[in-house]
Amino acid sequence: MKVQFSDISMRFGAMEVLQHITLGAEEGEFLCIVGPSGCGKSTLLNIAGGFLAPTSGSVTIDGEPVTAPDRRRIFVFQERGVFPWLTVEGNIGFGLFDMPDDERRSRVAQYIDLVGLKGFEKSYPRELSGGMKQRVEVARALAVNPDVLFLDEPFGALDSITRLQMRSELLRIWRAERKTVLFVTHDIEESVQLADRVVVMSARPGRIRRVVDIDIPHPRDLSSRRYIELRDLIFGEIGLAHQV
Amino acid sequence: MKISDHHKDTKDTKSSLRVLCAFVVKIVPPIITAAIILVLWSIAVKASGTKIFPTPTAVAKAITTLAEKSLLWHYIADSLTRVFTGYAVALVIGIPLGFLLGWYAPLARAINPLIQMLRPISPLAWMPLAVIWFGVSNAAPIFLIFLASLFPIIVAAMNGVRNVPPMYLQAGRNFGLTTPQLMRRVMIPAVLPRIIVGLRLAFGIAWVVLVAAEMIAVDSGLGYLIIDARNAGKRYDLVVAGMLMIGLIGLLLDTGIRKIEQWISE
């Protein structure tokens, strides 16, 4: 297992947030964690990132226990994580400070290309749309060549059309780079579109209710029977009738 | 080639004309306001028959006399030196202190109540102590200006640091930055646009305190001019001249700092 959560529990004061989470992600796997808001899924991701220590249990990556943040595993926030005082180039090169100049430049150019921001190298984040800022963040994370990416509702602040585009962009990048991805979302549709496996969590205190294999090859047909079946299975698991 | 040059020329003339128009539109209303006030002022002085309050012309004459004796420039320079020195010392001490207090919450809990208690004490209340500590010297008014600007600077820096979105710091740590690197590459650029307004307000306060600060222990400066003109010969033309100069210079300085502010936040 690339990332292994072993019996993780977390409490903040009297509030129990996570209960006995045991979960593994394979190398190169795209794992989505879904659950109602407040179920502790972001907390779980922060523990894996080394930003929070669990009350009990442990996380290992490649068998090594996680104790602190590390450049080999990068956390991607909603697009608000880009640095407003740096250009697109400056943001993407942010983590490459110990690299020789020419090497850094070519790496930055490579990732600007990968996320489709050519021509915006010198732009500041305030001149970019939400989707473009999100691309900057993804490129900034990928540029340091991490082996795990943690994405915490990365497309939550985007409009629904941009969100759809960003999902297929992310899948394209994931196929090209083959990182292990842990992706937290409260959007069930999103998880079924993206993941190899979907981890469904309960309301607080968060426990794993079920892990669903998404056995549909990419590109996924969002009106196929299997897609709808799996989506409704997860809706049912979370306890929502799929009706408005 | 020639045609395009010609085009460029007319375009340039047009745009510079537009800039000129914008400038005129901007500057005309305040000039009208000033003119109306000057007229009302002279009418009021003449109508009331006051012997004490000067007319605008008397004040203008007072300013020219001061300027001719080069006393005016001397006083302005002294006042500016005091304000800049006091303010600079306050920046040097206040910004690092504010950063520390914003960064280490326990330190803020220990020291912030003291700062909040000292803050509402008018710098003028420190005058007797300033005289005892610094005697009849330039240091006393500089100390008062320093005090007046110190607390707003500390508070601005502290709040600036506290309001930096935590995800900036989290991202910085994630990329393996050490604490000094995090300070330099994330904290300072993130805080700068957040505290610049506070720094401008603090400078405004420093300038306001100038008059009072120069009431003690100095024999030059715009504040001294006002006190001296009143005490020495009830020269209210000079009093009002001093007030006007303080206002005008204050306006110029504020405009300058706003320009710097715009430049920093791009």
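**Entry 1: strands of chain A**

I began with strand β1 (residues 3-12) of chain A, which runs antiparallel to strand β2 (residues 15-25) of chain A and is joined to it by seven bridges. The model is predicted: local features need pLDDT of at least 70, side-chain atom pairs count only at pLDDT 80 or more, and totals for chains, interfaces and linings use all residues. Residues are numbered from 1 along each chain as its sequence is written, and chains are lettered from A and ligands numbered from 1 in the order in which they are written.

I took strands (E, at least two residues) and helices (H or I, at least four) as DSSP runs, numbered from the N terminus. I counted two strands as paired if DSSP finds at least two bridges between them.

What stands opposite A:R11 in β2(A)? I found A:E16 there. The hairpin of β1(A) and β2(A) has two residues between the strands, and A:G13 takes a positive phi near 60° in it.

I then looked for β1(A) pairing with strand β4 (residues 56-61) of chain A. The two pair in the antiparallel sense over five bridges. A:S9 has A:S56 in β4(A) as its bridge partner.

**Entry 2: domains of chain A**

I looked up the division of chain A: domain 1 is 1-72 + 148-158 + 166-244, and domain 2 is 79-145. These bounds come from an automatic or database domain assignment. I read 26 Å between the C-alpha centres of domain 1 and domain 2 of chain A.

Nine residues of domain 1 of chain A and 10 residues of domain 2 of chain A make the contact (C-beta atoms, placed from the backbone, within 7 Å). On the domain 1 side, helix α5 (residues 160-177) of chain A gives the most, with three residues.

**Entry 3: chain B against chain A**

I found 11 residues of chain B in contact with 13 residues of chain A. On the chain B side, α7 (166-174) and α8 (179-213) each supply at least two residues. α7(B) gives the most, with six residues.

**Entry 4: helix α6 of chain B**

I checked the span of helix α6 (residues 139-162) of chain B. At 1.5 Å a residue its 24 residues should span 34 Å, and the end C-alpha atoms are 34 Å apart, which agrees. The expected span is 1.5 Å times one less than the number of residues.

Where does α6(B) bend? It bends by about 30° at B:L150, and a proline, B:P152, follows within four residues. I took the bend as the angle between axes fitted to the seven residues ending there and the seven starting there.

Notes
Contact = placed C-beta atoms within 7 Å.
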